[in-house]
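Please look over the sequence and the model below before reading on.

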Amino acid sequence: MCGRFGLHSSGGELTEYFQLRETPVVSPRYNIAPGQEVAFIRPDSGSRGRQLVFLVWGLIPSWSKSPGTGIINARAETAAEKPSFRGAFRQRRGLLPANGFFEWSKAVKKGGPYYFQLKNSQPLALAGLWETWSGPDGEAIHSCTILTTEANELVGRIHSRMPAILEPGHFETWLNVENQDMKKLCGLLKPYPAEKMSGYRVGPHVNNPRNEGPKCIEPATGTQASFW
């Protein structure tokens, strides 16, 4: 599962890393929660480039009678077949840029939130799907979900699932809507190499989704701190 993440890279950094057509205006976020707007990268329908848009985190299937509560995660192993996601999996794939994500441990001695990121400090590219829900009054909600896979050895110390993270060399394969090779697409959604990631325990500030700022990713202090 992925229920909270952060994105504080600049628009210029995101443009370079994801090869965007235009440099977006983004504000640093350290505690992004479900139901909030998130940055989402997808092909630009008006060109052959990529664009960054803002969507609601929590996918609402187009056939839903009412918006309800959106689905924040979709299992990579079954998303191509599930009614809520199969249309989006074929035609509306994208990437959610992040600098790190949080998981919560239920262990008594080392419980609490942990933050995971890449060792090289580059952005993470979380595989996602997007959808548009239209209401009877013409209201339109553009939403997205994060695809998850089995946890690697590092994240697995805390949780059994993790976001599916793509390497830059796989961006075009994933984003190209003409690519309908389901086996190849699903093959990209695998646990990210643990040796390329690091994780550490953070303080309780992040527990409240209304809290923001760098304090959310500060390492826990004292004997409760853990670094991997």
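The charged end of Arg-42 lies over the ring of Trp-130, at 4.2 Å from the ring centre. A charge is said to sit over a ring if NZ of Lys or CZ of Arg is within 6 Å of the ring centre and within 35 degrees of the ring normal. Arg-93 is placed over the ring of Trp-174 in this sense. The table gives both cases.

| Charged residue | Ring | Distance to ring centre |
|---|---|---|
| Arg-42 | Trp-130 | 4.2 Å |
| Arg-93 | Trp-174 | 5.6 Å |

The model is predicted: local features need pLDDT of at least 70, side-chain atom pairs count only at pLDDT 80 or more, and totals for chains, interfaces and linings use all residues. Residues are numbered from 1 along each chain as its sequence is written, and side-chain values use heavy atoms, with hydrogens and water left out.

**Aromatic pairs**

Rings of Phe, Tyr and Trp (its six-membered ring) pair if their centres lie within 6.5 Å; planes under 30 degrees apart count as stacked, over 60 as edge-to-face and the rest as tilted. The count by this rule is 9 aromatic pairs. One of them joins Phe-5 and Trp-57 edge-to-face, with 5.1 Å between the centres and 65° between the planes. Phe-5 belongs to strand β1 (residues 5-7) and Trp-57 to strand β4 (residues 50-57), so this pair ties together parts that are 52 residues apart in sequence. Strands (E, at least two residues) are DSSP runs, numbered from the N terminus. Phe-5 is buried at 1% relative accessibility, and Trp-57 is buried at 2%; buried means under 20% relative accessible area (1.4 Å probe, protein chains only). Elsewhere, ring pairs link Phe-102, Trp-104, Tyr-115 and Tyr-200 into a cluster.

**An open sheet**

In the order β2-β1-β7-β8-β12, 5 strands form an open sheet with antiparallel pairing. The edges are β2 (29-32) and β12 (197-201), each with a single partner strand, so one side of each has no neighbour in the sheet. Two strands pair if DSSP finds at least two bridges between them. Strand β8 (residues 112-118) and β12 are joined in the antiparallel sense over 5 bridges, and Leu-118 has Met-197 of β12 as its bridge partner.

**Nonpolar cores**

A nonpolar core is a set of buried Ala, Val, Leu, Ile, Met, Phe, Trp, Tyr and Cys residues joined through side-chain atoms within 4.5 Å. The largest one has 60 residues, and Phe-101, Trp-174 and Met-197 have the most contacts inside it. Strand β9 (residues 124-134) contributes the most to this core, with 6 residues. A second, separate core of 8 residues includes Phe-102, Val-202, Val-206 and Ile-217.

**Strand β6 and its partner**

In strand β6 (residues 93-98), 6 of the 6 residues are buried, so the strand is largely enclosed by the rest of the structure. Arg-93, Leu-95 and Pro-97 point one way from β6, while Gly-94, Leu-96 and Ala-98 point the other way. β6 pairs with β9 in the antiparallel sense over 6 bridges, and the bridge partner of Leu-95 in β9 is Ala-127. Ala-127 is buried, at a relative accessible area of 0%. The C-alpha atoms of Ala-127 and Ile-146 are separated by 6.1 Å, although these residues are 19 residues apart along the chain. Leaving aside residues up to four places away in sequence, Ala-127 touches several residues, including Leu-95, Ile-146 and Trp-174; touching means heavy atoms within 4.5 Å.

How values were computed: Helix = DSSP H or I, 4+ residues; strand = E, 2+ residues; numbered from the N terminus. Buried < 20%, exposed > 50% of the residue type's maximum accessible area, 1.4 Å probe, protein only.
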